[in-house]
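Dear colleague,

Please find below the structure that I am handing over to you. My notes on what was found in it follow directly after.

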Amino acid sequence: MSEESRKRRSWLDGFMAYALPTGLAEAQVRDNIVVLDQLLYALWNLGENLVFAWTPQPQGLSLLVAPHPLLTEFTQAAGTAAAEVQRRAQLLDELLAHQNHLSAEQFAQTATELGITPQHISLPFAPDAGLGLDLVAAIIARYGIRLVEDRAVILFDAVGFSLLSPLQQVVQLNSLSCSVNAAYAKLLDREININFARTTTGDGFYIWNRMRGIEANVELYQLLQFILADNALARERASRPDSVPLLRAAFHVGSHYEFYQSEGLNPTSFSYLVGQVTIELARMIDRALPGQILLGKFSTLMRDEHSGEEQRIASIDFVERTRRPLKALNGLSLAGAEIDEIACYLTGRRNAQGEFGISEFEILDKHGRAHRVYNAKINIHRRAGEPIYLGLREEDLPAFPAPVTVC
């Protein structure tokens, strides 16, 4: 099988995870995916154009397709009043945040507002019956940009990475990749199948769950814990300390744009993130101490996968929610010893009554902007092994360059 054929097969396999129409053979669904993708590829024109919106038709799709500079030209046209700029920016954000198709009425209104003439593509099948509208949306997403408000993202950073030789850097990044894979395998043992993605920062990784919602974000926090645990155990076992990275980690939930870069003459099969959440994480990790785990302060609407309702979840509430699912991981084996308990919490100072609060810290970045964070701890107790302590205690933070704003 050629390299191009392998890429095509891997790309198609990713779409087969979606709920497929009943009564259609998998081979027919694959053929339908290829037909739609080829039509979209022609409109994409080697990356010149983006699909901004779409609506299904009985035997095809109507789409709003325009060159990518429209994103800035629409909101920043010369002579546009400030109030109108704000209105247009909000309209564009709402459009990019819309994950699925528009109704025929919404589609027509959006076309008029953006000044785009709709384009129609004919298909040899009805979109809902031949692929399913969720799958159609996933295929079209490769040819557009989406705004996501509620996805959690992890940032791992290898301490002192830039001081290493190129060979040592490769070894450390490979070690971190192994820890990611090992952690993923552990969660799979308990049928926690995280559809995670990652991109390198040069000295670490951004990692996120392609799925969205409360449960998806909680599962990503579990992945963070097991990655750090595997990394800590690897450092204990390593004959050379520089072969395994000393990590600092940050976790945050926030908005970002999701897009697909060009790879050769095609859009990549995996997405990239850029936006407020990645900016916040970079500022957090820049001030984090070696071995520290930081959690960003957030208050975000997240969808409950079971009820379908949206709930506003704040950082402290989120950590509380992660504790209950952790009990299901008791009994998993780490380095040959079964887990008795995983305790995750945010650190704080003891008050006069002997109770611990939660400290909120303020990081000032190089631009003087403030970013609020919490210091996280994770303790993994094993039945026949030494405990694994991850993160720093409150008393370990005198060198943390961030004042406490709330105790």
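**An enclosed helix**

Seven of the nine residues of helix H7 (residues 133-141) are buried, so the helix is largely enclosed by the rest of the structure. The buried residues of H7 are Leu-135, Val-136, Ala-137, Ala-138, Ile-139, Ile-140 and Ala-141. Please bear in mind throughout that this is a predicted model.

**Overall form**

The secondary structure of the protein consists of eleven helices and 19 strands. For 407 residues, a compact globule would have a radius of gyration near 22 Å, and the value for the protein, 23 Å, agrees with this. Along its principal axes, the C-alpha trace spans about 65 × 55 × 45 Å.

Of the 407 residues in the protein, 45% are buried. Among contacts with a separation of 6 or more, 68% are made by residues 24 or more positions apart.

**The nonpolar cores**

The largest nonpolar core has 47 residues. Those with the most contacts inside this core are Phe-156, Ile-207, Leu-223, Leu-224, Phe-226, Phe-251 and Ile-380. Helix H9 (residues 214-237) contributes the largest share of the core, eleven residues. Apart from this core lies another, of 25 residues, which includes Leu-12, Leu-36, Val-51 and Val-136. Val-136 is also one of the buried residues of H7.

Which residues does Phe-156 contact, leaving aside its neighbours within four places in sequence? The partners of Phe-156 are Leu-176, Asp-203, Gly-204, Phe-205, Ile-207, Leu-224, Ile-227, Leu-228, Leu-247, Arg-248 and Ala-249. Two of these partners, Ile-207 and Leu-224, are likewise listed with Phe-156 among the residues with the most contacts inside the largest core.

Asn-231 is located in helix H9. Its relative accessibility is 5%, so Asn-231 counts as buried; the cut-off for this class is under 20%. With neighbours within four places in sequence set aside, Asn-231 is in contact with Ser-179, Val-244, Pro-245 and Leu-247.

**Two loops**

The loop between helix H2 (26-44) and strand S1 (49-57) holds Asn-45, and Leu-46 is placed in that loop between H2 and S1 as well. Neither residue is a glycine, yet Asn-45 has a positive phi of about 55° and Leu-46 has a positive phi of about 60°. Are these residues buried, partly exposed or exposed? Asn-45 has a relative accessible area of 38% and is therefore partly exposed, whereas Leu-46, at 53% relative accessibility, counts as exposed.

Arg-369 is found in the loop between strand S16 (360-364) and strand S17 (370-382). Leaving aside neighbours within four places in sequence, Arg-369 is in contact with Ile-363 and Leu-364. Arg-369 and Arg-323 are 46 residues apart in sequence, and their C-alpha atoms are 32 Å apart in space.

Yours sincerely

Note on methods
Residues numbered from 1 in each chain as written. Predicted model: local features only at pLDDT ≥ 70, side-chain atom pairs only at ≥ 80, totals over all residues. Heavy atoms only, no water. Core = buried A, V, L, I, M, F, W, Y, C linked by side-chain atoms within 4.5 Å. Buried < 20%, exposed > 50% of the residue type's maximum accessible area, 1.4 Å probe, protein only. Helix = DSSP H or I, 4+ residues; strand = E, 2+ residues; numbered from the N terminus. Contact = heavy atoms within 4.5 Å. Rg over C-alpha atoms; globule rule 2.2 N^0.38 Å.
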